[in-house]
Amino acid sequence: MAELSVLDLSPVPEGGTAAQSLNNTLDLARHAERLGYRRYWLAEHHNMQGIASAATAVVIGHVAAGTSTIRVGAGGIMLPNHAPLVIAEQFGTLAALHPGRIDLGLGRAPGTDMLTARALRRNMDAGVDNFPQDVVELINYFAPAEPGQRVRAVPGEGEEVEVWVLGSSTYGAQLAALLGLPYAFASHFAPAEMEHAIDIYRSRFHPSERLAKPRLMLGLNVFAADSEADALLMFSSLQQAFVNLRTGRPGKLPPPVENFEATLDPVARGMLAGALSCSIVGSAATVRSGLDEFLRRTGADELMVTTQAFDHAARLRSFEILAEAHREMSMAA
């Protein structure tokens, strides 16, 4: 049975603050730990009013310090924004503070608009093109130092940090396969190339010291509630946020709206249907059947579940319902 993990963008709802969202993040992480989720990941985004996890390593430290067993990490760090040595030091420090619990997912997108990317002091000419070399350089900083090595990550060298490659296209699948690393695909918002990426990763995988066989994680939106209507209402916040983002009007997470899809034109409705096709929305029975169908179709080793819900209590309840459905399926299997 595939394991379940949590992806949290630390959403900032309309009328809310980043401080409240970060408090909610820790509360959800503790909740997920009690429910038996495997990992709790946070994502790097910049210049987005609705996402509070921009300083991703800082938030990871906050969550790891407030929990005790769940793995905590980045899903992901956008490596072209950073020097590999800096990330090695940050995550080496986290690993030294929380041994055996830190994950580092690496992506090659900026996680923002190009103007903000420049403000981050990225190397705009070579950042993305250098991604494979930067990944290798970063991983090497976690290895024990070689005699005479002049640049070292301290903390970092010799630390146990689980490194993943992230992607929303086949590029990341090829790199993860070549380097023998676990691979996480962003099917929760960019599912178009999911099947192709899965096939490339599994068919071209080369075992490495870090991983003997492919390990595939897939993103999945899950909005579970005690009724179908409540789940659909909760889902409408994400739908609105996605339409706003794609039409150049990003902002805080909107409150739910009844029958939101009915207000959309066919183009917007089609865009949502495609981008959010990897979503399970409904009551416990719907979640069980949707989870079973998605796992049979993909054979994923792990699901990284995200629930961008306006109401924090509803988000907690959604992860409870999902955990119970997963338990029942595991027992039946």
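Helices (H or I, at least four residues) and strands (E, at least two) are DSSP runs, numbered from the N terminus. The structure is a predicted model, in which local features need pLDDT of at least 70 and side-chain atom pairs count only at pLDDT 80 or more, while totals for chains, interfaces and linings use all residues. Residues are numbered from 1 along each chain as its sequence is written, and side-chain values use heavy atoms, with hydrogens and water left out.

View 1. Along its principal axes the C-alpha trace spans about 65 × 50 × 40 Å. Of the 333 residues, 53% count as buried, where buried means under 20% relative accessible area, exposed over 50%, and partly exposed in between (1.4 Å probe, protein chains only).

**View 2. The largest nonpolar core and a second, separate one.** A nonpolar core is a set of buried Ala, Val, Leu, Ile, Met, Phe, Trp, Tyr and Cys residues joined through side-chain atoms within 4.5 Å. The largest has 73 residues, of which Tyr37, Phe91, Leu104 and Leu303 touch the most other members. Helix α11 (residues 312-332) gives the most to this core, with seven residues. The second, separate core has 16 residues, including Ala225, Met234, Val243 and Leu272. Contact means heavy atoms within 4.5 Å, and, not counting residues up to four places away in sequence, Leu303 touches Glu3, Leu4, Ser5, Met217, Leu218, Leu220, Leu291, Phe294 and Leu295.

**View 3. Glutamate 162 in strand β5 (residues 162-167).** Glutamate 162 counts as partly exposed, at 23% relative accessibility. Leaving out residues up to four places away in sequence, glutamate 162 touches Arg39, Arg71, Ile102, Asp103, Leu104 and Arg210. Its C-alpha atom is separated by 10.0 Å from that of phenylalanine 91, 71 residues apart from it along the chain.

**View 4. Threonine 170 in helix α6 (residues 170-179).** With a relative accessible area of 13%, threonine 170 is buried. Its contacts, once neighbours within four places in sequence are set aside, are with Glu193, His196, Ala197 and Ile200.

**View 5. Two cis peptide bonds, at glycine 76 and at proline 155.** Most residues other than glycine have a negative phi, and most peptide bonds are trans. The bond that joins glycine 75 and glycine 76 is cis, with omega about 10°, and glycine 76 has its place in strand β3 (residues 71-78). The bond from valine 154 to proline 155 is also cis, with omega near -5°; proline 155 is found in the loop between α5 (131-141) and β5.

**View 6. Positive phi at serine 10 and at asparagine 259.** Serine 10, a residue other than glycine, has a phi near 50° and sits in the loop between β1 (3-8) and α1 (18-35), where its relative accessibility of 0% makes it count as buried. Asparagine 259, likewise not a glycine, has a positive phi of about 55°. This asparagine 259 is found in the loop between α8 (228-246) and α9 (266-275), and at 61% relative accessibility asparagine 259 counts as exposed.
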